[in-house]
Amino acid sequence: MGRIERIFLDRNHDPDFLWMKWVEVVETYTQRDLTIESDRLPALSGLASRFSNLWDCAYYAGLWEKKLMEGLCWFVRDPSTSIFIESYAPSWSWASLIGPVFHYDSPFDIIPGVESPAEFTSVVECKATPANGAAPFGQINDWSLTIEGFAQWIRWDGQEQIVAKGVEEMLYPNGIVAHARPDCSQLEVFCEQIKRDPGAPPPEDVEENIFYMGGAAAETNEITLPILVIVASPVSALMLCALNDDEYFRIGLLHFQGAVQLNRYFEVCNMKKVTVL
């Protein structure tokens with residue numbers, strides 16, 4: 001009997017247990033070669049249907065309502081191995097990519113006695129409409145995700161290591177280090193997908209605290225992309241590009257060295273509501 005079959009016979013249907021097993025399914029599945037790009041969701045529809053009987057909650061393009069924020073915190077280890085397939089899934093779903101995806105082991109660990117900005121992040125609305133009503137776990141043709149949380153604009157040059165400048169704190173004289181986990185490999189690809197000039201300003205003023213890759217030297221880099229980062233977990237934030245004044249597109253996950261660093265960097269930011277396609 002396979003590991004997956006044992007899940008459905010096990011009496012442990014705790015959400016955390018089921019989430020761990022679903023992550024195992026997704027990470028194993030995304031490492032396989034698919035000949036047809038649109039098969040990402042349909043190929044897992046049978047398993048998703050069986051998980052649904054245990055979850056008893058909504059299913060959104062490979063993510064589950066009861067663990068939706070955790071589900072948004074997937075990432076790509078090697079962006080050069082992933083290909084974005086815009087037509088078949090939302091940018092916030094792992095199913096939007098061809099290539100291996102992963103999840104951090106404990107993205108929602110909370111430090112006892114320390115308030116996290118992630119506690120204020122909430123899902124306002126999530127929608128993933130099946131293309132065929134008779135196949136609710138298969139292909140979808142309409143989607144959106146509206147979330148609200150602490151957010152700020154940053155400028156990014158497409159590299160992985162990022163230093164948050166402008167943090168006046170003795171513990172972080174060189175800024176707070178975070179690591180960008182882009183969904184695809186090239187900044188130019190993002191610009192082409194969202195039809196946005198990389199040198200164009202964001203749709204609103206950029207805050208004084210700005211992320212630059214590699215510290216001060218990167219501040220002179222002319223090829224930077226204004227993106228919005230919104231807290232998704234105690235140690236990570238979604239990286240979003242603006243499609244227009246109201247709608248955004250996920251391009252990656254920003255991961256901090258720890259919850260204390262994320263708390264320090266976002267403590268002066270405002271709450272923002274965004275819709276991600």
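I began with Arg250, which lies over the face of Trp74 at 3.5 Å from the ring centre; I count a charge as over a ring if NZ of Lys or CZ of Arg is within 6 Å of the ring centre and within 35 degrees of the ring normal. I then found the charged end of Arg77 over the ring of Phe102, 3.9 Å from its centre.

I note that this is a predicted model, in which local features need pLDDT of at least 70 and side-chain atom pairs count only at pLDDT 80 or more, while totals for chains, interfaces and linings use all residues. Residues are numbered from 1 along each chain as its sequence is written, and side-chain values use heavy atoms, with hydrogens and water left out.

Next I searched the whole structure for aromatic pairs and found 13; rings of Phe, Tyr and Trp (its six-membered ring) pair if their centres lie within 6.5 Å, with planes under 30 degrees apart counted as stacked, over 60 as edge-to-face and the rest as tilted.

Phe75 is buried, as is Tyr104.

Last, I traced a cluster in which ring pairs link Trp22, Phe51, Trp55, Tyr59, Trp64 and Phe137.

Technical notes:
Buried means under 20% relative accessible area, exposed over 50%, partly exposed in between (1.4 Å probe, protein chains only).
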